[in-house]
Amino acid sequence: MSSSAPRARDSWSGQTGFLLAAIGSAIGLGNIWRFPGVAYSNGGGAFLVPYLVALVFVGIPMLWLDYAVGHKFRGSPPWALRKVIGGGEFVGWFQTFVCFVIMVYYGAVLAWSVEYTIYSVNTAWGEEPTSFFTDSFLQVVDGTTFSWAPAWPVMIPLALVWILVLLVIGRGLSKGVEAANKIFLPLLVVLFLALVVRALFLPGATEGLNAFFTPNWSSLANPQVWLAAFAQIFYSLSVGFGIMLTYASYLKPKSNLTGTALVAGFANSSFEILAGIGVFSAVGFMAHQRGVAMSGVEGLSGPILSFVTFPKIISMMPGGPIFGVLFFSSLVLAGVTSLLSLLQVVSGGLQDKFGWSPPRSALVLGIPATVISLALFGTRSGLNNLDIVDNFINSIGVVSSAILFALLCALAGPGLSGLRAHLNSVSSVKVPKLWEHLVGIVIPVVLFVMMTMSLVALIADGYGSYRQSFVMIFGWGSVLVAILAALVLTFVPWKHRRVNPHATVARILADEGAESALGEGENE
């Protein structure tokens, strides 16, 4: 075999391993702490209407697009999108570095959850969970100042989190990521079901569920509610920025793509609704204990829900420590499976570009990722830095990469018709012609509207009460870093999976077909 031939890539042991990893990636911290609050504030039970519409017309179609590109071109985002069209490599690297930015702060939230699992045993937060979280645990400074001083309660578990996930990634796909998901995802479901059952039997749980599910049908006339539903589905399913594309690239040539996407999509949404039931049962209990209406309860979304509101609930309820361990362990497990998927995108890109082994890729990406994560998010400015970076990289970086990805696939290479034909050639559920119009027109327009609204607000009003220089450095800077890093890696010569940039699309597709045939022979 010539030196320019692609190195044999790892693959999932089977469809089940891939499905567990895909669901594990989709089910993350946002399912537990974001969806319940978003649904409650956007029409309650009525929110499920735009939410399900968004799942069917945005979430599943984008999953199919990710699966089609990853499986057809059998590579990480830079490799796969370069095979669509030469200039597509930049979009692939942009997706990769968006994942890199997300993973360096995502690890910090995972570290919080690890520490709070331990704190739950003796309710270490005491009578004031709010001040404990901000002052004693995070030791956060004012948003107008910056501090390099370590917040040791965060720094130590954060270092341990990075050691764990890098060891998993270093073992490769099947022995590392797949094996971890086969353990963590079923454990997550068992623990969370136990938590939900306990919450349902708390006094006041019914009032909480009524608040969560009672529909406000007038909210359906509000465009913001529909955009909130589309945003929730988009971020929750991890579509359009390289994760599902990368995972699909490790599937064997004959795999049921569309059916798997439907299972993964509806499993993710089912878990979100389950999370809403558990969260609002517990919040209803807190309102009952305080003798207030649900409308008077604050902190129903984001980190405040998890690290302030839930500690208050845990302190109030019989058997609270057990409930707390279940809740924060669930956050840890959900976070680990999602963090591994982000790491695999970056590791896969390096393996394809340079021919590195999984252990070497883990080391090369792990050292800078760990240093950045500890330096920016393990310090007393960590919460502020995380809040800024998270808002900008999601509302601008993730959405723009998805728009570019959809348009690139619509306008270049085999086009959406060719990708639809590929999906239909290997799948049980056939993709209708409507899919091409959704992916090529409707979804980019919806995402563009979302991004434009975010950009206008950020440019006009800034972000929060942070100093403008901090917003420029950590907000706009995080997006700029992803762009510059993508440009640099695009111009670095391929040292392993060499591609002739002057090759025609037909030649590239022919090479891909030969590659698939080789894969089929190896798997026989």
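Select Ser-338 to begin: leaving aside residues up to four places away in sequence, Ser-338 touches Gly-24, Ser-25, Ile-27, Gly-28 and Tyr-106, where contact means heavy atoms within 4.5 Å. This is a predicted model, in which local features need pLDDT of at least 70 and side-chain atom pairs count only at pLDDT 80 or more, while totals for chains, interfaces and linings use all residues. Residues are numbered from 1 along each chain as its sequence is written, and side-chain values use heavy atoms, with hydrogens and water left out.

Ser-338 is buried, at a relative accessible area of 6% (buried means under 20%, with a 1.4 Å probe and protein chains only).

Now show the backbone oxygens of Ser-25 and Ile-27: the side chain of Ser-338 reaches that of Ser-25 at 3.0 Å, and a polar atom of the Ser-338 side chain lies 3.3 Å from that of Ile-27.

Next, select helix 4 (residues 48-73) together with helix 13 (residues 257-290), whose axes come within 9 Å and cross at roughly 140°; axes are lines fitted to C-alpha atoms over the stretch in contact, and angles run from 0 to 180 degrees between N-to-C directions. To see the contact, display residues including Tyr-51, Trp-64 and His-71 of helix 4 and Leu-257, Phe-266 and Glu-272 of helix 13.

Note on methods
Helix = DSSP H or I, 4+ residues; strand = E, 2+ residues; numbered from the N terminus. Buried < 20%, exposed > 50% of the residue type's maximum accessible area, 1.4 Å probe, protein only. Polar contact = N/O pair within 3.5 Å; in protein donor to acceptor, adjacent residues only side chain to side chain.
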